[in-house]
Amino acid sequence: MRKVLIFIFILSAHCTFSQHTANNFRHLSPNEGLSNEAVRGIGMDQYGFIWMGTNFGLNRFDGINIRTWTNDPSDSTSLASNFVRSMHGDRSGRIWIGGDPGFCQYNYAANNFIRYQNVRFNMIDIDQDLAGNIWIATNRGLKLVDTIKRSLVDMTYPADTLINRLFGKSSRDVHCDANGKVYVATDEGIIQYDPQTKNAIHIGMSTHGHLLPNEDISAVTTDPAGNIWVVTQATGEVLVRISNDFKTAKRFEYLRRPGNASTPNSIIKLYTDRKGRMWIASSYWGLTRFDNVTQKFVRHINDPMLPHSISSAHITTILLDKHGILWAGSEGFGVNYFNPDHDIFHVIQRNPYLDKKIADEWTRAFMEDEKQNLWIATAKGISVIDKTENIVLDFLNSDSAKPELAALSVRSIMRDTDGSVWIGTAAGLNRYYPATGKMDSYTERDGIAPAFTWFIEKTKDGRVLVGTNRGLYEYRPAADTFYFYANHPAFKDFKVGLRCFKEDSKGRWWIGSFNSGIMVFDPVTQTALRVISRTGDSTGLSSNFTHAIIEDDAGVMWISTRYQLNAYNFETKKAEYFSTADGLPNNWIASIVFDSVGRLWIGTGKGLSVMSKDRKIIKTFGLQDGLVTTQFTDQPGFKRKDGNFVFPTTKGLLVINPGAFNWKDELPDPFVVSMKLSGKEWKSDLNLEELATVSLGANDNFFSIELMGVQFYNPSQVWYAYKLEGFNSDWVYTQERTVNFTNVPGGKYTFRYKASLNSKDWDVKEKTLVVEIDTEYYKTWWFRVLIGFLLAGTLFAIYRYRIHQKEKMLELETKAQALEKEKVLVMYESLKQQLNPHFLFNSLTSLSGLISTDQKMAGNFLDQMSKMYRYILTNRDSETVRLRDELQFVQLYINMQKTRFSKGLEVIIKTDPSKGDNKIAPVTIQNLVENAIKHNVIDSESPLVIEIFTEQNYLVVMNNLQRKNMVETSNRQGLTNLKSLYKYLSRSPLVIEETAKHFLIKIPLLPS
């Protein structure tokens, strides 16, 4: 049976609390580097860094790191007191620190503290008026800071003994309003003081008793209307609003602790932000906000089920910084911070500690009724919550004998035009009628078999479509039955389990399936227009498993799948895909919804993303942004009537307020926070954030610069771009905060840098730092010119000396070469002259024998002999001759020798005709042939075979070995002289080789 829950309770007849909220608070504790968990004061400096005073030390937070300062008794420039009671960041960005006791100001230039002397009392609260004066509430009265004399000035008011006494009495709180007035809270009422006119007003029982329940005032502030808000402790936790004309007052007693509470509630601080909202820090109710428009109090409480709720119920101090982030210090639980104006989302989940006990954390589908109640389908039933997120109705099948739903696992839900609610479960379909409380179940007799029902949609022409794992059904109201589209001809090839549905702007049905892609169906013509499936290119889907389908203003269909986000254009039949390469945290895509300005919100398997309207920028939210899980369930998101979205997750439903998100609101402000030279910290007379120019020595050209984009919500997602002009040719984009430069030449450079939350969006503020690096004297232009002249002179002198020496060496070498040539030529000429007599003697002997035996042959012999001598006479003055001429000459010589030796001599000439123009020394071959004849036995039974052939760039003369025992006419100098000659003529050596059977000589051929 359904169960109605009472969810509204009245706290007051005049003013009520709205729902308890658990915003996306971030926390700082000792785990993040905080020096102590008890935080008393918070301030922001001129660079946007947050300073936090604790029970032990002072801390500065830059979004990533926390730096701590403590008191050193031996150092007069250290923190005045380790117990920081109060602190204030003034409009100039100066940080004032009040101790218990002690008072000091942080000195940016020297990175130390300027102490105010003789301050031996406690600093309870600090504020600044319109004129820039710093006021301090202390246990010795109200003090004014004298920054020239570095002292605290006592306030006096001689015109009124009471006010004068109260000025010197212990002050509880000090507040400077927008009109320049100063308010001081005491245990005898309030003092309003005007520093310009020097006038003071006492608001107490003796002067304005009709306004206050008592005079024990612990906190004071003012609102934009000029009303004065005070807290009186003696009569309980009473908040009083006094009109600015001191005529009327209104009491608010809604901050009293419950009657059964063992711990009293103390209102510690009242804080009015620049939007007029009043924030209340108390010891029991934690952080409470009063909205002047709605006249309601809103509590921000600790929720044990939500790690991003406020960490403590005991809040001590409050600050709204220039970025709109509210910081709240606690007693023992560190610091909490969140942006009340940009609270983009929150989670509704099953919480046993609060009233929000939805059926199950695993949410799946949603529907909104006419009362804007949200119906939540989960894995264990349905819960209905109202606008304040309290449960008003649920379906849990609590009566097992009469279960309300076909199954507790609910996958789809839809409100029909008659107000009835269709409910799709894992085992069938239900229909609930809220007016009567009747619940119908549909079975086979109604035309629909029990099945896993993934979607229920209503088309523009009023049809109710039901998608199941068996296929598509359409409800026919006239007969109260269902038509099964598996019997339709268009669906003959699409009889698959269905997952999602979308009717596009042209009335076409887009039906997504489990593993077969999407079918586009025309309900008018009753035809299937296209089946879109995975193709591996831009004509199809990236995955056949679809989760959700939506349409943008341009008619492009966006499809979430198990692999990548698809944007499909029906007209062009082309798809565009988005993945981790484009900035998505995961390629498993589930819920997708467009907001009113065209941005696409995407639930993935690893976080929530938003894509800009131009589809170029993607920002991702994760656990650090307040999500309780990054895992979205595999069903569509839901857009509510107020413009908010609801996305299903495995740990409740995520409510998204897209209007609270602005790309530019969170842009980080970049600073240079550290600089190192060769790995060692560089010290500057000025704070690094203020430096415009850095001057480095000539040896400091290895340096690193650490950047910080001050961003408290997403510091890990900050991207940096930098460029050292004159050294880097292009911008460098990185998420590394430390930039390293090595071996930078001396000169003047401009370091340009900026920060962004997206690697593709650099329309952001740019900052610069001039870096000047000295140049060593030996690298200066004048020194280089001087060295250039000296080097030129030295080189010229060396050049002249070497030229002179070279000329002398060349002269000697020329003489030596001439002598060597002369020697070689003399030896060769001697060789030729030596050969001629032997040849002549042998030739005449052969001729004599022929004359007596064969006169005709003798004539031929004599003719050949004359040609040979004519050749020798012709070339006697030539160093070289052509190879073909030398071979002709040798042939004459061979013919004459064959006349002499007949069959005992065999000469084979096989040379490459292309080598005929190469050169050779005259009579070289003839000498080698004669040398072979001279040293070998010639016999017709064992003839001497001489082969003459070319091999590469050599002429080879080779004969078989059959050596004579003794050669009478050999002087053994022929080959030696020939080698000397060719050493002069060619760089290639003359080669002599001898084996057991052959003797060969390789003569290098000279170029023509």
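## Close-up views of a predicted model

**View 1. Helices α4 and α5 meet in a left-handed crossing.** α4 passes α5 in a left-handed crossing (left-handed if the near helix is turned anticlockwise from the far one by less than a right angle, and right-handed if clockwise). Before going on, please note that this is a predicted model, in which local features need pLDDT of at least 70, side-chain atom pairs count only at pLDDT 80 or more, and totals for chains, interfaces and linings use all residues. Residues are numbered from 1 along each chain as its sequence is written, and side-chain values use heavy atoms, with hydrogens and water left out. α4 covers residues 855–874 and α5 covers residues 883–901; they pack at an angle of about 145°, with their axes 10 Å apart. Axes here are lines fitted to C-alpha atoms, for helices over the stretch in contact, and angles run from 0 to 180 degrees between N-to-C directions. Helices (H or I, at least four residues) and strands (E, at least two) are DSSP runs, numbered from the N terminus. On the α4 side, the contact (heavy atoms within 4.5 Å) includes Met-857, Phe-861, Met-865 and Tyr-871. From α5, look for residues including Asp-885, Phe-889, Leu-892 and Met-896. The residues of this contact divide into 10 nonpolar, three polar and three charged; Ala, Val, Leu, Ile, Met, Phe, Trp, Tyr, Cys and Pro count as nonpolar, Asp, Glu, Lys and Arg as charged, and the others, Gly among them, as polar.

**View 2. Helices α5 and α6 run roughly parallel.** α5 and α6 pack at an angle of about 25°, with their axes 8 Å apart. That angle makes α5 roughly parallel to α6 (under 35 degrees counts as roughly parallel, over 145 as roughly antiparallel, 65 to 115 as roughly perpendicular and the rest as oblique). Their crossing is right-handed. In α5, residues such as Leu-883, Leu-887, Val-890 and Phe-901 take part, and they meet a group in α6 that includes Ile-925, Val-929 and Ile-933. By type, the residues of this contact divide into nine nonpolar, three polar and two charged.

**View 3. Helices α6 and α7 are roughly antiparallel.** α6 (residues 924–935) and α7 (residues 974–985) pack at an angle of about 155°, with their axes 12 Å apart. The two helices are therefore roughly antiparallel to each other, and their crossing is left-handed. Thr-924, Leu-928 and Asn-931 of α6 make the contact with Leu-975, Leu-978 and Tyr-982 of α7. Four of these contact residues are nonpolar, two are polar and none is charged.

**View 4. Phe-751 sits in the largest nonpolar core.** A nonpolar core is a set of buried Ala, Val, Leu, Ile, Met, Phe, Trp, Tyr and Cys residues joined through side-chain atoms within 4.5 Å. Buried means under 20% relative accessible area, exposed over 50%, and partly exposed in between (1.4 Å probe, protein chains only). The largest core has 72 residues, of which Trp-327, Phe-703 and Phe-751 touch the most other members. Leaving out residues up to four places away in sequence, Phe-751 touches a set including Ile-705, Leu-707, Tyr-722, Phe-741, Lys-767 and Val-771. A second, separate core of 38 residues includes Tyr-869, Ile-894, Leu-990 and Ile-1001. In soluble globular proteins, nonpolar side chains tend to be buried together.

View 5. The peptide bond from Asp-100 to Pro-101 is cis, with omega near 5°, and Pro-101 is in the loop between β7 (95–99) and β8 (103–107). Gln-564 has a positive phi of about 80° although it is not a glycine; Gln-564 lies in the loop between β47 (557–561) and β48 (565–569). With 12% relative accessibility, Gln-564 counts as buried. Val-923, another residue other than glycine, has a positive phi near 55° and lies in the loop between β68 (919–920) and α6. Val-923 is buried as well, at a relative accessible area of 6%.

**View 6. Gly-180 and Thr-288 are both buried.** Gly-180 is in the loop between β14 (173–176) and β15 (182–186), with a relative accessible area of 11%. Not counting residues up to four places away in sequence, Gly-180 touches Asp-129, Leu-130 and Pro-195. Thr-288 is found in strand β24 (residues 287–291) and has a relative accessible area of 0%. For scale, the C-alpha atoms of Thr-288 and Ile-773, 485 residues apart along the chain, are separated by 55 Å.
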